[in-house]
2 protein chains.
Amino acid sequence: MTDPAAPAAFRPHDHARCVAGTLALARRVAAERGLRLTPVRHRVLEILLERHAAMGAYEVLERLAEEGFGHQPPVAYRALDFLVTNGLAHRIQRLNAFIACDHPGEAHHAAFLVCSGCKTVAEIPADELRATLDSAAAATGFAIERASVEAVGLCPECRAQGRAGQPA
Amino acid sequence: MTDPAAPAAFRPHDHARCVAGTLALARRVAAERGLRLTPVRHRVLEILLERHAAMGAYEVLERLAEEGFGHQPPVAYRALDFLVTNGLAHRIQRLNAFIACDHPGEAHHAAFLVCSGCKTVAEIPADELRATLDSAAAATGFAIERASVEAVGLCPECRAQGRAGQPA
DNA sequence: GAGGTAATTGTTATGTTATCACAAGTCAAC
DNA sequence: GTTGACTTGTGATAACATAACAATTACCTC
Ligand SMILES: [Zn+2]
Ligand SMILES: [Zn+2]
Ligand SMILES: [Zn+2]
Ligand SMILES: [Zn+2]
């Protein structure tokens with residue numbers, strides 16, 4: 001049930017530790033690169049890290065507003081853009097939502113597994129996949145700048161419980 | 001420059017013929033499956049086929065309205081949903097837009113190459129890619145229902161002309 | 001052909017996601 | 001401490017998408 005090859009998102013794990021580790025990594029990356037991980041930005045990253053799921057900009061905004069930050073959409077969008085641009089978060093196109101990066105700082109291509117049962121999103125390594133895609137594209141003369149690979153389905157736990165996916 | 005391995009979208013070609021062929025195929029598929037390719041739906045498919053690019057629902061709607069169909073968003077969204085559901089069109093998540101399927105009726109997994117220079121979108125076969133993704137997911141216990149693979153970059157022509165991609 | 005049923009189309013209204021434009025504040029370098 | 005770049009906050013608006021209901025049309029059965 002809890003496959004050791006599965007990403008943390010699909011396994012019971014010490015999430016507090018998981019958050020702390022990623023956050024520490026993100027701070028280090030920001031410091032190394034001279035990025036300003038300001039209070040809003042840092043807080044948005046923390047909010048994204050709370051769950052292994054994607055969060056919409058307006059949901060993030062609501063949280064920020066409650067905590068005394070601005071109440072207007074650009075406040076959330078700008079922080080999210082910053083995180084995505086600097087590789088600290090990813091955008092899930094299918095969901096119009098955002099998720100914290102699992103491996104900030106490491107150059108990597110990722111694919112995302114979105115569970116339609118429990119909304120968990122797992123980031124899995126996709127360097128090989130990306131290489132395949134690159135060469136398929138190259139064969140047509142197309143040069144890829146960036147790509148997104150997103151799958152919807154059922155996570156191990158939802159499968160085990162016979163849970164059905166929501167049509168969304 | 002005009003690589004024979006490139007999809008039609010990236011090559012100069014007899015587009016009228018290209019449209020006619022796909023349309024004929026779509027009609028046959030619809031007939032075989034007892035699908036009702038009504039006037040709005042057929043027209044939407046024609047509109048999508050006009051260019052090898054993705055079109056937003058509101059852009060489609062505008063065209064429909066001009067031609068005497070309904071003027072409200074659901075008119076376009078419903079026709080587009082029908083086409084997507086029945087494999088006659090695809091949704092490009094990244095663009096919130098739709099494109100006619102190149103191979104209606106054939107079971108296939110596709111990846112999309114979106115040119116940021118000229119907005120051309122090419123559908124390329126991705127069965128192998130999908131198999132790789134499936135097994136990577138399976139290794140984590142995740143069962144994929146559907147996946148989207150979308151790449152942004154420069155098409156052969158835009159590269160040849162040194163055209164730059166728009167940030168979008 | 002009439003009646004019943006399901007699918008389709010149309011409308012109004014509303015919800016959700018994202019960006020623009022500008023003012024005010026913060027920070028670091030000089 | 002002034003300059004200039006960046007960041008945050010605001011109001012307004014644009015772009016994308018769906019809910020709910022009425023009217024019509026296709027299709028099947030009798
Ligand atoms: Zn965790
Ligand atoms: Zn799940
Ligand atoms: Zn063509
Ligand atoms: Zn191009």
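Which residue of β2(B) does R91(B) stand opposite? I was working on a predicted model, and there I found R91(B) facing F98(B). The two strands concerned, β1 (residues 89-92) and β2 (residues 97-100) of chain B, run antiparallel and are joined by four bridges. I then followed the chain through the turn: β1(B) and β2(B) make a hairpin with four residues between them, and N96(B), which sits in that turn, has a positive phi of about 45°.

**The sheet across both chains**

Next I traced the sheet that draws on both chains, and I noted six strands in the order β4(A)-β3(A)-β5(A)-β5(B)-β3(B)-β4(B), an open sheet with mixed pairing. At its edges stand β4 (121-125) of chain A and β4 (121-125) of chain B, each with a single partner strand, so one side of each has no neighbour in the sheet. From one strand to the next I read an average twist of 25°.

One residue pair I wrote down here is L113(B), which stands opposite A151(B) of β5(B).

I then asked what packs on this sheet. Helix α5 (residues 127-138) of chain A does, touching β4 and β5 (143-154) of its own chain as well as β3, β4 and β5 of chain B, and its direction makes about 125° with that of β5(A). Helix α5 (residues 127-138) of chain B packs on the sheet too, touching β3 (110-115), β4 and β5 of chain A along with β4 and β5 of chain B, and its direction makes about 125° with that of β5(B).

**How the copies are related**

**Zinc ion (ligand 2)**

For this ion I listed the protein donors as the SG atoms of C115(A), C118(A), C155(A) and C158(A), lying 2.2 to 2.3 Å from it. The angles among the four donor atoms are 106 to 112°, and the site is tetrahedral. In sequence the donor residues follow the spacing C-x2-C-x36-C-x2-C. C115(A) lies in strand β3 of chain A and C158(A) in helix α6 (residues 156-160) of chain A, so this pair ties together parts that are 43 residues apart in sequence. I checked both C115(A) and C158(A) for burial, and both are buried.

**Zinc ion (ligand 3)**

Here the coordinating atoms are NE2 of H13(B), ND1 of H15(B), SG of C18(B) and NE2 of H52(B), at 1.9 to 2.3 Å. The four donor atoms subtend angles of 105 to 117°, which makes the arrangement tetrahedral. The donor spacing I wrote down is H-x1-H-x2-C-x33-H. C18(B) belongs to helix α1 (residues 15-33) of chain B, while H52(B) lies in the loop between α2 (39-49) and α3 (57-66) of chain B, so the pair ties together parts that are 34 residues apart in sequence.

Is H52(B) buried or exposed? Its relative accessibility is 18%, and H52(B) therefore counts as buried, the cut-off being under 20%.

Methods. Residues are numbered from 1 along each chain as its sequence is written. Chains are lettered from A and ligands numbered from 1 in the order in which they are written. This is a predicted model: local features need pLDDT of at least 70, side-chain atom pairs count only at pLDDT 80 or more; totals for chains, interfaces and linings use all residues. Side-chain values use heavy atoms; hydrogens and water are left out. Two strands pair if DSSP finds at least two bridges between them. Axes are lines fitted to C-alpha atoms, for helices over the stretch in contact, and angles run from 0 to 180 degrees between N-to-C directions. Contact means heavy atoms within 4.5 Å. Donors are N, O and S atoms within 2.8 Å of the metal (3.2 Å for Na, K and Ca); water is not among the atoms, so sites may look incomplete. Four donors count as tetrahedral if all angles lie between 85 and 135 degrees; four count as square planar and six as octahedral if opposite donors are over 155 degrees apart and all others between 65 and 115; anything else is irregular. Buried means under 20% relative accessible area, exposed over 50%, partly exposed in between (1.4 Å probe, protein chains only).
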